[in-house]
Amino acid sequence: MRNPVSERKEPAAADASRRALVVAGAAGLTAALTACGGGGGDGGGTEETGSEETGGTAGTELARTTDIPEGGGKVFADRRVVVTQPTRGEFRAFSAICTHQRCTVSSVSGGTVNCPCHGSRFAITDGGVRGGPARRPLPPREITVENGTIRLA
């Protein structure tokens with residue numbers, strides 16, 4: 001004799017197994033895409049414009065001019081900005097978010113701002129790409145330099 005109750009459970013169990021497989025697959029895909037920065041290739045094409053992206057508001061003090069080495073710079077990761085001094089007394093600022101996969105740049109050396117994630121390098125003079133995989137320059141940030149203090153504009 002056939003048991004109608006057990007016959008109904010088998011398709012339901014199979015459906016549950018399929019749902020679990022789909023959910024697990026979707027979760028794995030989401031995790032992989034997140035780890036790769038969304039797969040946008042060069043940062044997804046958006047500029048950093050809001051305070052969440054830029055990490056600070058106008059008037060925020062970043063550093064003293066003496067804190068920024070000539071021919072180098074300093075990364076302010078908490079403010080998402082990097083300040084450089086390409087030549088004596090000339091200060092520039094750029095987003096510290098790499099345009100490749102949105103990692104935060106970590107250092108300034110040898111005339112470039114350097115991203116630790118995939119090796120992109122950007123010029124301290126204009127934020128231009130000096131080594132890929134990034135294809136777009138670091139967006140400039142406005143700063144003011146007054147009385148030896150560098151502030152976000």
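**Cysteines and a sheet**

Modeller: The model is predicted. The link of Cys103 and Cys117 is left-handed, with -110° about the S-S bond.

Biologist: Which parts does the pair of Cys103 and Cys117 tie together, and how many residues apart in sequence are they?

Modeller: Cys103 lies in the loop between strand 4 (90–95) and strand 5 (107–109). Cys117 lies in the loop between strand 6 (112–114) and strand 7 (121–123). The pair therefore ties together parts whose separation in sequence is 14 residues.

Biologist: What is the S to S distance in the disulfide of Cys103 and Cys117?

Modeller: A disulfide needs two cysteine sulfur atoms within 2.5 Å. The disulfide joining Cys103 to Cys117 has an S to S distance of 2.1 Å.

Biologist: Is Cys103 buried or exposed?

Modeller: Buried means under 20% relative accessible area. Cys103 has 19% relative accessibility, so Cys103 counts as buried.

Biologist: Which cysteine sulfur is nearest to that of Cys98, and how far away is it?

Modeller: Cys98 is in no disulfide. A disulfide would need the sulfur atoms within 2.5 Å. The nearest cysteine sulfur is that of Cys115, at 3.9 Å.

Biologist: Which strands are the edge strands of the open sheet of three strands?

Modeller: The order in this sheet is 1-10-9, with antiparallel pairing. An edge strand here pairs on one side only. The edge strands are strand 1 (61–64) and strand 9 (143–146).

Biologist: Over how many bridges do strand 9 and strand 10 pair?

Modeller: Strand 10 covers residues 149–152. Thr144 stands opposite Arg151 in strand 10. Strand 9 and strand 10 pair in the antiparallel sense, and the number of bridges is four.

Terms used:
Residues are numbered from 1 along each chain as its sequence is written. This is a predicted model: local features need pLDDT of at least 70, side-chain atom pairs count only at pLDDT 80 or more; totals for chains, interfaces and linings use all residues. Side-chain values use heavy atoms; hydrogens and water are left out. Two strands pair if DSSP finds at least two bridges between them. Helices (H or I, at least four residues) and strands (E, at least two) are DSSP runs, numbered from the N terminus. Buried means under 20% relative accessible area, exposed over 50%, partly exposed in between (1.4 Å probe, protein chains only).
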